[in-house]
Amino acid sequence: MSVKDVWVRAVPPSQKITAAYLTIVNGSDEEIVLESASSEAAASVEIHEMKSQDGMMAMQRLPQLSVAAGSESQLKPGGIHLMLIGLRRPLTEGEPVLLKLMFGGGLELVVQAEVKR
Amino acid sequence: MKYRFWIYAVALILFVGISLVRGCSAPDGDPYKRDVGLSGIETSFSLKGPRGQVFQLEEHRDKAVLLFFGFLSCPDVCPMMMTKLSGVYSLLGDDRDEVLTVFVSIDPDRDTPEAIKEYLDYFKIPSIGLTGSKKEIDEVVARYKTYYERVSIDSAVGYVFNHTDHLYFIDRKGKVRSIFHAEDKNEKVAKKIKKILDEDALESGSALVTGKLVYVTKCMICHGATGAGDGPTAAKVSPRPRNFLTDDFKFVSGPQGSLPTDQDLFKIVTEGSYGTAMPSWKDLSEKERWAVIEYIKSLAPERWKKEDVHHESSK
């Protein structure tokens, strides 16, 4: 299992909220489940999904995210994303953010996210 | 028994179906439609700008406008829209300064005018952010035939808004010419905007060409080549022909000393001015009469710059 293309959307200094995107590649033969996440840069991190239906955009929180065996899940703009709420510091382009991903079975992974627009 | 079960099942499906449709319905009960059409959108409105000042859309007719609704604590779609607009502006090239982005916040409880300004400035495009009371915002939302709903979700963010992704392109006359959506490619959006700007420039250019032809053949002999009221026959007529550059106008629908509206000018051109050498030009087509008015105003562009805005709609 690996995580790639990790980035966080840079926002103006006063913004207290942003989104993180990444791709989870599950090369194993078992389903893996992203249960929660956290970050040194935000008070809380949640999994959210933006859904667009006939031009109506609706955001909902997902309790967890499953990635089937041998497949990958892309978290990208306009779809599923990690929402960083209560930013503790301004996110500056070029200064990375650490994200901790907690998977089912006690597996934890710390990844470095690039901050970009 | 089986029969009754199916009635219940169908009733339940209908009920759920209706609930889903209602979930996406406009406040007046009409089902929400993505394709709102371009006609019938009354674009003018007034909301509060970044320093709390009143912003009226119709006072910004020197630029075309890209308008959308959103809220700042939207981490995904709204920054995507702004990033998209940055991309579109860079594709617009020389036309970049012809278009003003107007962001209307639907979250007056959280989005302060200062925060909105900082947010927009971050993306470095010509833009202004607006807000107002919920009632004021709802009125604008209704005018634009769009829709949003505030939804509480189980999240540290508290509440979010479900809203549409309409990006309205409004021309200088205040007419919606196109509605773009989130999935439209930047190239497509920029191309369409450039096309509309070019068409409009051509149209107003051709009015000026027609107007100049009319002016040179009918008006110049008295009013002069530059509009200073000093044509070859000016000295022979009394009262002297109007100097369009500096004189006050006598026949104005507004207060004395104000500039005439296009309608005022049209009346004089059509009927002439009794007791002066100004004849009636009612034999010219209406199009020619409007065109010559545009041309006369173009002789003193600074003078008519602001007034144009208010009188455009009276045609």
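I take buried to mean under 20% relative accessible area, exposed over 50%, and partly exposed in between, with a 1.4 Å probe and protein chains only. The model is predicted; local features need pLDDT of at least 70, side-chain atom pairs count only at pLDDT 80 or more, and totals for chains, interfaces and linings use all residues. Residues are numbered from 1 along each chain as its sequence is written, chains are lettered from A and ligands numbered from 1 in the order in which they are written, and side-chain values use heavy atoms, with hydrogens and water left out.

I started with helix H4 of chain B, residues 134-143. Helices here are DSSP runs of H or I with at least four residues, strands are runs of E with at least two, and both are numbered from the N terminus. Which residues of H4(B) are buried? I found B:Ile137, B:Val140 and B:Val141. Seen down the axis of H4(B), these buried residues fall within an arc of 100 degrees, so they line one face of the helix. The arc is taken from the directions that run from the helix axis to the C-beta atoms. On the face turned away from the buried side I noted the exposed residues B:Lys135 and B:Ala142.

Next I looked up what covers the buried residues. The cover includes strands S1 (46-48), S3 (64-70), S4 (99-105) and S6 (148-152) of chain B. Contact means heavy atoms within 4.5 Å. After H4(B) comes B:Lys145, with a positive phi near 55 degrees.

**The sheet**

I then traced an open sheet of 5 strands in chain B, in the order S5-S4-S3-S8-S9, with mixed pairing. Strands pair if DSSP finds at least two bridges between them. S5 (127-130) and S9 (176-180) of chain B stand at the edges with a single partner strand each, so one side of each has no neighbour in the sheet. S8 (167-170) of chain B pairs with S9(B) in the antiparallel sense, over 4 bridges. Opposite B:Phe169 I found B:Ser178 in S9(B).

**Helices H5 and H7**

At what angle do H5(B) and H7(B) pack? Helix H5 (186-223) and helix H7 (286-299) of chain B meet at about 90 degrees, with axes 7 Å apart. Axes are lines fitted to C-alpha atoms, for helices over the stretch in contact, and angles run from 0 to 180 degrees between N-to-C directions.

**A loop residue**

Last, I checked B:Glu58, in the loop between S2 (54-56) and S3 of chain B. B:Glu58 is partly exposed, at 22% relative accessible area.
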